[in-house]
Amino acid sequence: MAAASLKLSVALACVLLLSSAACHGLEVGYYKKTCPRVEAIVRDEVKKFVYKNAGIGAGLIRMFFHDCFVQGCDGSVLLDPTPTNPQPEKLSPPNFPSLRGFEVIDAAKDAVEKACPGVVSCADIVAFAGRDAAYFLSKMKVKINMPAGRLDGRVSNSTEALDNLPPPFFNLDQLVASFAAKGLSAEDMVVLSGAHTIGVSHCSSFVSNRIAVTSDIDGGFANFLRRRCPANPSTANDPTVNQDVVTPNALDNQYYKNVLAHKVLFTSDAALLTTPATTQMVRDSANIPGQWEAKFNKAMVKMGAIDVKTGKQGEIRRKCRVVN
């Protein structure tokens, strides 16, 4: 009787909160019986890499986002090219050559497989790694209760990455539509954009539509970028710039202060000031201590439940770079 009422209450919660991770078969502490140390193992591996290079941590947060927006959160971004699939997601322009952190997932998977062979999915390791990178880069202020229970997908297609990942030149309407297609709200989009407070961007991602044309970018900041970037970036000459020049190695709310000051790299960043509603969200995140971190926690969990694979839809890969 108690079990039945529990199922009913979960079902009711799913009706009221369609994005709830519980609706997707995910739960916090999913491996507590089958691989009790998994989360500590992944966190130790992430810590080693992030403390050597904060940019790897930024890459892991971005990897989680790029995985979930294409085929759902299923580790499909990890798959290497093969003769039968020469163009997987990781070789798509949004991911190659800029996406970083694959070696961290490999190291974490190897360590987890030694402790609990064949139990933990690569998709869950990507989710844990994104969570842990956020924890360390925020100086332990971002503490995400990340549910698990995802299975690994078997499909990875570079054109799907192009079709599903919002590019840096999107306007606000396009951004809202892109996130809505994944069950995420306009507020989720504004909150998750805050991850641009960490990491770097290639000049080719913003020169042509931010500093080579008239835009709302701060004049001094535009001049700084012109000194760093060639007028026509190429594959041979495409330097990187910190996305947040004020606190480049910290996951904090400085991004929103930069948006208000018109000192951001992308059209999609500047677009957050297009409507009164999103402008207010930016102001609140910039000015109310702790608010952005709390919302980021929830948005990461919500994003982590996109199109989760269960049952025969997926598998638990033995190696994250190849299907079984």
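In this predicted model, Asp216 and Arg210 form a salt bridge in which the closest N and O atoms are 3.1 Å apart.

A second pair to look for is Lys90 with Asp80, a salt bridge with its closest N and O atoms 2.5 Å apart. Both residues lie in the loop between α3 (54-68) and α4 (102-115), so the bridge ties together parts that are 10 residues apart in sequence. Lys90 has a relative accessibility of 9% and therefore counts as buried, the limit being under 20%. Asp80, at 23%, counts as partly exposed.

A further salt bridge joins the side chains of Arg43 and Asp132, at 2.9 Å from N to O. This pair links distant parts of the chain, as Arg43 belongs to helix α2 (residues 38-52) and Asp132 to helix α5 (residues 122-137), 89 residues apart. Arg43 is partly exposed, with a relative accessibility of 25%, while Asp132 is buried at 0%.

Across the model, the count of salt bridges comes to 14, and the pairs described here are among them.

How values were computed. Residues are numbered from 1 along each chain as its sequence is written. This is a predicted model: local features need pLDDT of at least 70, side-chain atom pairs count only at pLDDT 80 or more; totals for chains, interfaces and linings use all residues. Side-chain values use heavy atoms; hydrogens and water are left out. A salt bridge is a side-chain nitrogen of Lys or Arg within 4 Å of a carboxyl oxygen of Asp or Glu. Helices (H or I, at least four residues) and strands (E, at least two) are DSSP runs, numbered from the N terminus. Buried means under 20% relative accessible area, exposed over 50%, partly exposed in between (1.4 Å probe, protein chains only).
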